[in-house]
Amino acid sequence: MAEPTLTSNHWGLGLVHREGPRITRVAAHPLDPAPSGLNRNMADGLASPSRVLRPAIRQGWLEGSGRRGEGPFVEVGWDAALDHVARALTRTREADGNEAIFAGSYGWASAGRFHHAQSQLKRFLNCIGGCVTSEGNYSYNAALVALPHIVGGSFREHIAQATRWSVIAENSGLVVAFGGLAERNMQICDGGNSRHLVPQDMARAREAGVQFVNISPLRGDLEGEWLPVEPGTDCALMLALSQTLIEEGLHDAAFLAEYCTGFEVVADYLTGRADGVRKDADWAAGLCGLAPDTIRSLARRMAATRTFITCAASLQRADWGEQPLWASVTLASILGQIGLPGGGYGIGYAVNGHVGAVERPFRAGALPQGENPISRVIPVAMIADMLLRPGSAYRYDGDDHVLPCARLVWWAGGNPFHHHQDLRRLREAFQTPETIIVNEVSWTATARHADIVLPVAASPERRDFGAGKTDNVLVPMPRAVPPPGAARTEFDLFSDLAARMGITDAFTEGLDEEGWLKRLWQETRRHAPDLPDWEAFMAGGPIVLDDPCPGRVFLSDFRKDPQTRPRPTPSGKIELYSEVVAGFGLPDCPGHAAWSAPREAGGLALLSGQPATRLHSQFDDGALSLGAKIAGREPVLIHPADAAARGVRAGDVVELESARGRCLAGARLTEGIARGCVFLWTGAWYQPDAGGHCVHGNPNVLTHDLRTSAWSQSPAAHSTRVELRPLAGDPPDIHVHSPPRFVQRG
């Protein structure tokens, strides 16, 4: 048996064990103090019947008939596939220009610096005149748009500058976590999570006496005192805590005067002078389900000690999702501890495994994407709208925009039939382009809804190096095994396609894979000349770089000297009230944190989130993911009392229904979820029935495709209400992890 080969994925390091060309298992690396179990999915997933082994073309596309997502595929050779791609690109550009090409890559495909699907695709398209792309992300898009107006600067910078857990352990008395701090999310990080540090850092904080309050419908979202709240009401609770602090004279008037602007407007709103409604504990209790005394007691506890407030990224993925972000900043400002060690706030803790844990000292070399001649972008959550309503006007961050008309869509490095909402609507949207091309490892729903499917290599099947966006570890990634079948790296397929399009020199710059890797490593070494040369690095192990800011406190420089270190906002201060946002004239965004009721009511609140068994939808056919399913379907968590009221027993196959659609799942009863709520993990591969409903358990058949608001146009999936009942009759078979049907053309 060969020696194990080092690899890196978004969930961390792995040692690839193999027999001949087959991976037998991927083990943990000793450098990682708390390795992720997601490596257990890789051996089965990479050898699954669902692997895309050869280029395939939808028969209906070749014949000009049929619907995407239905009908068989024809397997072809690479020359035939790339000839079809080249003709489709040329036809689109000549008829409608490059603005009719949409590059739908969403990342998360590779932790490598060179074989990064998004960069490879966009580099190629930029070489032929550019394309329309998306802006933002599904994880924390509202923060990307809203927080620059409120606190100033990029939210991605806020994440990198987050107060460290070591500081919290040494200085905090209380951590109040709105939306919890789910450790399952801390397994992963975009670009890699070589050392999982947060679990041990949080354990040290508990040992130091820090108290944790978990404000979430899920008990398992954080070990500590559990305050289950009605989903979608965190903003109301934050406003009531703020009102209590003001009413009882526990607010920091000096901090508000020196470091903030707009407090008077906010105070008028909280006290009811603005609209006649006092946002006090009694008011919030009727919305969030906590007793008024519990709310008042929590406010007093927060004022009596050094308190750190966290707001989970999930809270913004709901109707009016910008508001809990603004309310978090408002509450922390009223307490007046922002910029102090162990005090203040952090948004997005647990969105990945690095927030508050570590920071990279420099950006490693990465494949340049080049300049895109097309400046038009769309918000990431408006893909279905773009396809269904081209030419329609919309508002985004205060400006007026028009949706483009996408005639050719090319997706690489993502699965919109996982990320996007209202999958039945998305399925109809995918019928509208002339051509859809997908680069994929597996036959996901996105691949099954494509016209041309190009098989690509997975991370252990190519040579690269890893260096995450916030990871301080450099990881050599030798190729462990060759890719199966006719699968190729994206660089190889784009190089062949570049020759057909007459742009070989522009795309490759005369370099092969090894030449590019050496160039990117040389760029990395410019920041750290003591790093070994390329050959020595690839022959060695991971290299841990120094953490540049181990004692980071968010906004400490601003607190120390607000005159010479002002925030990049119009006032130079934290804007509790923003004249700019108020000037947008949006009825649901009045210029300060405000409460608006969710759009839907009744039934059970549907919660969904990152599972512990896979990253998004990656390797849903792996051992860890499959082992958690019930009757072959994704498990749904339900409180025993809610289950009994509906005649549901543990292990039953149940049907969930919303105004958008239905899906099947396996019932798992637990008292760790609040009554009136159900939790269905994201990422189960979409297997539609004849009506487009999912028989496998994908929650995005149920979620609505409305956005948070016209301010940030972000996804609002977490404001979905459903009904749940036992399935009548036998459940259909699950075949989503098998390949589609293939036929011989002609």
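This is a predicted model: local features need pLDDT of at least 70, side-chain atom pairs count only at pLDDT 80 or more; totals for chains, interfaces and linings use all residues.
Q: Where is D397, and what is its phi?
A: D397 sits in the loop between β15 (393–396) and β16 (399–402). Its phi is positive, about 50 degrees, although D397 is not a glycine. Most residues other than glycine have a negative phi.

Q: Why is F619 called buried?
A: The cut-off for buried is under 20%. F619 has 12% relative accessibility, so it counts as buried. F619 lies in the loop between β24 (604–607) and α25 (623–627). Its phi is also positive, about 55 degrees, and F619 is not a glycine.

Q: How do you know whether P482 is buried or partly exposed?
A: Its relative accessible area is 38%. That value falls between 20% and 50%, so P482 is partly exposed. P482 is found in the loop between β21 (473–477) and α19.

Q: Which residues does P482 touch, leaving out those up to four places away in sequence?
A: P482 touches P21 and E461. The C-alpha atoms of P482 and R462 are separated by 7.3 Å, with the two residues 20 apart along the chain.

Q: What is the handedness of the crossing of α3 and α19?
A: The crossing is right-handed.

Q: Which residues of α3 and α19 meet?
A: From α3 come W78, D79, L82, D83, V85, A86, L89, T90 and R93. From α19 come L493, D496, L497, R500 and M501. By class, this contact has eight nonpolar, one polar and five charged residues.

Q: Which members of the largest nonpolar core touch the most other members?
A: They are L89, F124, W410 and L656, in a core of 218 residues. Helix α9 (residues 234–247) gives the largest share of this core, nine residues. A second, separate core has nine residues, including L218, I673, C677 and F679.

Q: What does F124 touch, not counting residues up to four places away in sequence?
A: F124 touches L89, W410, F494, L497, A498, M501, I503 and F507. Among these, L89 also belongs to the α3 side of the contact with α19. L497 and M501 belong to the α19 side.

Q: What makes helix α4 "mostly covered"?
A: The count does: 10 of the 11 residues of α4 (residues 117–127) are buried. After α4 comes G129, with a positive phi near 115 degrees.

Q: Why is helix α5 described as largely enclosed?
A: Nine of the 10 residues of α5 (residues 141–150) are buried, so the rest of the structure largely encloses this helix. The buried set includes N141, L144, L147 and H149. α5 is followed by G152, whose phi is positive, near 90 degrees.

How values were computed: Residues are numbered from 1 along each chain as its sequence is written. Side-chain values use heavy atoms; hydrogens and water are left out. A crossing is left-handed if the near helix is turned anticlockwise from the far one by less than a right angle, and right-handed if clockwise. Helices (H or I, at least four residues) and strands (E, at least two) are DSSP runs, numbered from the N terminus. Contact means heavy atoms within 4.5 Å. Ala, Val, Leu, Ile, Met, Phe, Trp, Tyr, Cys and Pro count as nonpolar, Asp, Glu, Lys and Arg as charged, and the others, Gly among them, as polar. A nonpolar core is a set of buried Ala, Val, Leu, Ile, Met, Phe, Trp, Tyr and Cys residues joined through side-chain atoms within 4.5 Å. Buried means under 20% relative accessible area, exposed over 50%, partly exposed in between (1.4 Å probe, protein chains only).
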